[in-house]
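Subject: Handover of a structure and notes on its features

Dear colleague,

Please find below the structure that I am passing on to you. My notes on it follow directly after.

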Amino acid sequence: MKIFTQLKQPLYSLLLISTLLPFSTPIHAQTDAEARGLEIAREVDKRDTGFVDFTASMKMELKNQQGQTSVREVRAQTLEVIGDGDKSLTIFDSPPDIRGTASLTFSHALQPDEQWLYLPALKRVKRISSKNKSGPFMGSEFAYEDISSQEVEKYTYKYLRDETLDGIDSFVVERYPAYEHSGYTRQVVWINKQEYRPEKIDFYDRKNTLLKTLNYSGYQQYLDKFWRPDVMHMVNHQTGKSTTLSWSDYQFKTGLTERDFSRNSLKRAH
Amino acid sequence: MQTKPASFLLALFCALSGSASAAQDSWQDGEWTAETTLQLRHFPHDPLPQNNLQHNNSASLAMQLEYYAAWDNYDKSLTFTPFVRLDQHDEERSHADLREFSYQQVFSSWELRLGISKVFWGVTESQHLVDVINQTDQVENIDGEDKFGQPMIKASMERDWGILDLFILPGFRERSFQGIEGRPRPLLVVDTDQAAYESPDKQRHIDYALRWFNYLGDIEIGLSYFNGTSREPLLIPGSNNSSPVLIPYYPLMQQAGLDAQLTTAEWLWKLELIARDWQALDNSAQLVDQRFVALTGGFEYTFVGVAQSDADLGLVAEYLYDDRNEEATSFFQNDLLFGLRLAMNDAQSSEALLGVIHDLDNQEFMLSLEASRRFAHHWTASLEIRSFNRVDNNSPLAAIARDDFVQLDITRYF
């Protein structure tokens with residue numbers, strides 16, 4: 001049922017526009033490739049709808065050009081919000097100087113995200129500007145926009161071709177960020193035809209040069225429906241740095257509620 | 001150890017032991033963490049002749065431990081955070097405190113915190129006018145950011161109409177002041193042993209406070225009210241064994257506060273406004289009733305990814321106003337802060353904040369630079385420089401005009 005309510009929304013707004021402007025031409029004439037791209041993105045979203053909530057631990061290993069590594073550890077909990085971006089709370093465990101720092105994000109498809117940061121030494125909650133989606137997450141090769149909730153409306157799409165990627169039958173879809181401050185002009189996504197999950201993403205910077213490649217591996221299926229990767233490996237082609245993100249302790253439908261994603265819960269985060 | 005309301009702690013222990021035994025099954029392992037900091041300070045100028053016991057170099061060592069345990073699915077938790085500093089010269093700066101020793105329980109529609117704790121109110125960077133629950137641990141640093149733990153009973157409700165926090169604050173904490181060898185400090189030593197109070201209950205006066213907070217889209221608003229003994233003392237001339245000293249006097253106060261922030265993609269607009277009724281010293285050093293208004297307002301604008309790097313550069317500007325003008329007990333009555341905040345967003349979390357507070361009445365300015373960087377997984381270094389410039393001889397800053405300093409902190413985390 002939830003899937004249907006979500007799908008109903010764009011239709012409803014389209015209906016509203018056509019009622020208001022009965023004689024106007026369609027706002028945006030979609031090509032076949034664009035329609036196909038959007039269709040694939042909707043199917044990806046549909047197959048990941050209904051997880052309700054999940055918690056997981058994440059370990060990041062940052063590697064620079066010289067091969068020196070540093071490690072970060074966070075715990076995250078996410079609440080699915082139907083018809084809007086998800087809510088998430090992230091607690092930083094390591095490195096120890098930022099231990100206890102926590103962030104709360106209400107992501108939105110087209111509006112800027114709302115984001116708060118809790119600084120435990122000062123016991124201070126700070127509302128922070130959400131423009132910085134293109135900046136590095138904890139000094140890693142992942143930008144905030146790479147790891148935030150992926151809503152269909154965050155991009156426009158174009159289907160490119162079918163391709164076999166390491167033996168996996170894939171759709172190759174290009175997507176263009178709708179967010180004006182995005183760090184990317186475009187992304188090329190390889191989507192597993194069978195499971196409708198991303199296998200690889202190429203990121204192109206503002207100058208349209210290949211910047212990074214993200215590879216997903218060790219996919220596991222939870223609750224017989226939701227696919228989550230164990231490992232996400234990001235390489236920056238321009239700097240030679242890389243970040244490996246390892247996920248563990250995935251738990252779904254843990255009973256989290258709105259109350260667990262409030263300002264007070266941010267202060268309690270531990 | 002400073003003031004310790006023993007009966008309050010006893011009550012806390014009773015509450016705890018009851019809850020813990022009832023919920024042993026779901027007890028999650030408690031965790032100890034710690035950090036220790038070596039601090040070196042250098043004062044390039046010699047002290048004033050009358051303060052010749054002060055030093056040009058000093059070292060100190062600080063340690064903070066934290067024990068945290070939660071049970072019943074994190075609905076109940078205990079935090080214990082002792083802090084201690086040993087200073088090479090200043091016996092008043094060698095001190096210990098319980099920054100936190102509290103029990104928290106979350107109920108279905110509200111939460112309760114019982115014990116010694118810390119809260120922060122407000123939004124601005126240059127000063128924290130509305131933030132009046134915790135006493136300032138002033139010997140730590142003159143920026144007022146370090147606070148003593150405050151005994152409290154705090155109830156918090158979070159509903160559609162916002163968050164309402166109610167505080168009962170039994171047990172008053174005195175502000176800490178540098179000793180005779182301490183630096184920077186007022187011209188005369190503050191004799192904390194002679195501390196005086198308006199309330200006949202002195203440190204046992206029970207204060208209360210409430211705060212409502214809500215946000216609507218991009219706007220956040222907090223309204224607060226405090227009724228009790230002022231955390232900020234008046235410093236009254238007195239004597240100790242016939243040598244002149246300053247005696248801290250803590251009047252009762254009522255303070256209403258407003259803090260608000262508007263957040264857009266690049267801009268943060270901030271405002272803090274207070275009105276306070278309390279006592280003040282008139283021209284003949286007599287205590288008189290006073291009402292004053294003060295505000296801090298300004299913005300922070302962030303350039304994301306400057307010069308095609310990962311770094312963010314923030315511009316901070318705040319205006320600081322106090323309608324008491326020259327009679328203001330703070331340094332800031334008509335001042336402007338201009339700051340630059342650089343975040344490299346690199347693997348070492350390198351950051352720097354450069355700030356200048358400029359007095360628009362007499363052209364004094366204070367300069368501060370704070371920079372920090374992680375240099376190994378368990379280690380950070382931070383550098384702080386403060387300097388006081390073009391200080392007028394009649395200004396309240398005159399006492400610390402020669403107390404520019406450079407401070408290096410090396411911290412190891414466990």
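Which strand order does the open sheet of three strands in chain B have? The order is 8-12-11, and the pairing is mixed. Please note that this is a predicted model. At the edges of this sheet lie strand 8 (196-197) and strand 11 (234-240) of chain B, each of which pairs on one side only. Strand 8 of chain B runs parallel to strand 12 (residues 243-250) of chain B, and two bridges connect them. Within that pairing, Tyr197(B) has Tyr250(B) in strand 12 as its bridge partner.

In chain A, strand 15 (residues 242-252) pairs with strand 1 (residues 53-63) in the antiparallel sense, over nine bridges. Here Trp247(A) of strand 15 stands opposite Met58(A). Strand 15 of chain A is also joined by five bridges to strand 14 (residues 231-236) of chain A, again antiparallel. Ser246(A) in strand 15 is the bridge partner of Val231(A). Strands 14 and 15 of chain A form a hairpin with five residues between them. In its turn, Gly240(A) has a positive phi of about 80 degrees.

As to the contact between the chains, chain A contributes 26 residues and chain B contributes 32 residues. On the side of chain A that touches chain B, the elements giving two or more residues are strand 2 (69-79), strand 6 (124-128) and helix 4 (263-268) of chain A. By class, this side of chain A has twelve polar, seven nonpolar and seven charged residues.

Pro112(A) is located in the loop between strand 4 (102-106) and strand 5 (114-119) of chain A. Is Pro112(A) exposed or only partly exposed? Pro112(A) is partly exposed, because 17 other C-beta atoms lie within 10 Å. Leaving aside residues up to four places away in sequence, Pro112(A) touches Ser130(A) and Ala265(B). Pro112(A) and Phe261(A), 149 residues apart in sequence, have their C-alpha atoms 18 Å apart in space.

Asn208(A) is placed in the loop between strand 10 (198-204) and strand 11 (210-217) of chain A. With 10 other C-beta atoms within 10 Å, Asn208(A) is exposed, because the cut-off for that class is 12 or fewer. The C-alpha atoms of Asn208(A) and Gln187(A) are separated by 9.7 Å, and the two residues are 21 residues apart along the chain.

Yours sincerely

Terms used: Residues numbered from 1 in each chain as written. Chains lettered and ligands numbered in written order. Predicted model: local features only at pLDDT ≥ 70, side-chain atom pairs only at ≥ 80, totals over all residues. Pairing = 2+ DSSP bridges. Helix = DSSP H or I, 4+ residues; strand = E, 2+ residues; numbered from the N terminus. Contact = placed C-beta atoms within 7 Å. Nonpolar A, V, L, I, M, F, W, Y, C, P; charged D, E, K, R; others polar. Buried ≥ 20, exposed ≤ 12 C-beta atoms within 10 Å, placed from the backbone.
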